[in-house]
Amino acid sequence: MLHIKDLHASVEDKDILKGVNLDVKPGEVHAIMGPNGSGKSTLASVISGKEEFEITKGEISFEGEDISELDPEERAHKGVFLSFQYPIEIPGVSVTNFIKTAINENRKAKGQEDMPASEMLKLIKEKADMLEIDRKFLSRSLNEGFSGGEKKRNEIFQMAMLEPKLAILDETDSGLDIDALKIVANGVNKLKNKDNAVILITHYQRLLDYIVPDFVHVLMDGKIVKSGPKELAYELEEKGYDWIKEEVKA
Amino acid sequence: MSLKDKLLSSYIAIEDHLEDDSPLHELRNKAIKSFEIKGFPTKKEESWKYTSLNSLLKKDYSIFPKQKDVIEFKDVRRYFLHDIDTYKIVFIDGVYSSFLSETTHDQLDVCLLSSALSKPKYKPVIEAYFNKVAKEDSLTSLNTAFAKEGAYINIPKHKEVEKPIEIINFSTGNEAAVMLQPRNLIVVGENAHVQIIERHQSLSENAVLTNSVTEIFCEKRAFVDYYKIQNDNASASIIDNTYVSQECESNCNVHTFSFGGNLTRNNLNFYQYGEHCDSTLKGITILENKQHVDHNTLVHHIAPNCESHQDYKGIFGDASTGVFNGRVLVEKDAQKTDAFQQNNNILIDDKATINAKPQLEIFADDVKCSHGCTIGQFDEDALFYLRSRGIAKKEAQALMMYAFANTVIESVKIPELKARINKLIANKIGVSLGFDV
């Protein structure tokens, strides 16, 4: 589904990704872990098409098609979704209006008619209930004054509405207490099926107790330096990253 | 002949034909003298530093335009709030159109200034209010000298006017260039409520220069909602001089939506004479090409315990220019004043300019005054966030503009007008979103 080969990316002439290789197949869950500043969020942004990053080398293909030149919205239309580490506040646009616009823009891109209002409403209710989101919350301005946990839950709500093929969750666990984490993880697990895939970017193994990865990758200094099964996450939690550094040097 | 000379000689020509009584005639004589001495404002004046009238004054305007055949309602229907019932006072090239208007004298007066100025029964009101809050700056004086026609609205006390009043000034382009000087007098009695919409609309590409003066008197506990829609053709310019006088516990809101026109200058002045007044001045300005809009506001806090709220949002594209000059003057006696002013601007293109100048002059010692002014570009992170959800760049920008302007739109109290404003904004930015903010 997602094929990244020797990806190099920079921002303002500073190299951040220095040769990332990653293959994600339908039905898989990949966790990307690594110390601060290793390039995890950059990788997420580059896959989603943030313009401030320049791809200097390598390729990103999605379902066999090179997407590295596509606009962020075009990637979204193909089924790429990024749950932001820091969701942006948009005062004056309600959660409901925002998601309606997003859904219909995606449908428009596919040559479909707008979703009928009643169907939209039903879908919104269903997904909000799944994530135990209070209805009142839906009429509030997008992310404005939301707590950290509310923002993250709102991201997963958008994911549930848009049903992407590939969801990249950038530190979705940070700022969540254990109850909220369970609700969010439960939501992601319900959305998971054999045709879609998830990339989890996280510092901690905690999230991986609830969303179990098929693969764990360690990103360090712009490269994936080690990959392994889910047990690798426990090892990292226990021993930190220094031993990997040593291993890489050796 | 310069426009100033032309105006001065035109005044001499009409003076003998004015059907005024002597105090009004004297007032006009005084006003034209004041204009003669001061002339048109120039950039040397501090409050005109960023707005030059030079290019406008070069045109050869017809001061008393010839009349054209009546215009058909179907051709101008879209400029009215046609989906609801309203009172209408309509002028075509400065002359009242009874055909397009819907006035009343039943319990309230929604009619013409010309008849109010000439008929004895209106004399007490004219003597009490006409030119009583308007100041003697040169453009207001010029209007006073020539003032013949405009809206006259008098709402008696305790009257809640059940439908909005529309004041619309059409210009037909009958002549190559026309100068119009409408004059509105609005008196809102004690505890009376009224909603008024004012619009100036050119129906051709010929040049129009409007120098309008509106006086609004809010008596004790009066409630006035006033909306100015400035979405005129690129060849039309307006200098809008509005003066609001407020007695105690009155509430006056003026919203100004500036989307069109060539040069627009809004001199919006509030005077709080009574205690516990509330004044709201809000505006959305969305410009493109070489359009120019200058908001020059004054809130004069004279009495204690009053509030004022200013919220102006500007979005400037292409080589458009904006000016916000917001002056808040708090007199020594105006203790416990709560004055708030906010002005936020987004520059979409490199060539667009905004000059923002908040001025707070506070002579009282127990007041709450705050102001905030921002000038920025679109937040790239926010744009990426919206686009990553599949919303195309243009729509994402539009969504952000709506969000940006929302604090002003949401306080429009007439739903049909709010929908209209939303539509105008959508047209202006070239998108349609499937919802109203």
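What percentage of the 250 residues of chain A count as buried?

**View 1. Chain A as a whole.** The answer is 44% of the 250 residues, where buried asks for 20 or more other C-beta atoms within 10 Å of a residue's own, with C-beta atoms placed from the backbone. This is a predicted model, so keep in mind that local features need pLDDT of at least 70 and side-chain atom pairs count only at pLDDT 80 or more, while totals for chains, interfaces and linings use all residues. Residues are numbered from 1 along each chain as its sequence is written, and chains are lettered from A and ligands numbered from 1 in the order in which they are written.

Chain A has eight helices and twelve strands (DSSP runs numbered from the N terminus: H or I of at least four residues for helices, E of at least two for strands). Its C-alpha trace spans about 60 × 40 × 35 Å along the principal axes. The radius of gyration of chain A is 18 Å, which agrees with the value near 18 Å for a compact globule of 250 residues; it is taken over C-alpha atoms, and the globule rule is 2.2 Å times the number of residues to the power 0.38.

**View 2. The open sheet of chain B.** Ten strands line up here in the order 2-1-5-8-10-12-14-16-18-20, with mixed pairing. At the edges sit strand 2 (95-96) and strand 20 (368-376) of chain B, each pairing on one side only; a pair needs at least two DSSP bridges.

**View 3. Strands 1 and 5 of chain B.** Six bridges join strand 1 (residues 87-92) to strand 5 (residues 165-171) of chain B in the parallel sense. Look for Ile89(B), whose bridge partner in strand 5 is Ile167(B).

**View 4. Two helices across the sheet of chain B.** Helix 9 (residues 393-409) of chain B lies across strands 12, 14, 16 and 18, at about 160 degrees to strand 16. Helix 10 (residues 415-429) of chain B lies across strands 8, 10, 12 and 14, at about 30 degrees to strand 14. Axes are lines fitted to C-alpha atoms, for helices over the stretch in contact, with angles from 0 to 180 degrees between N-to-C directions.

**View 5. Where the domains of chain B meet.** Twelve residues of domain 1 are in contact with ten residues of domain 2 in chain B (C-beta atoms, placed from the backbone, within 7 Å). On the domain 1 side, strand 8, strand 10 and strand 12 of chain B each give two or more residues.

Conventions. A residue is buried if 20 or more other C-beta atoms lie within 10 Å of its own, exposed if 12 or fewer, and partly exposed in between; C-beta atoms are placed from the backbone.
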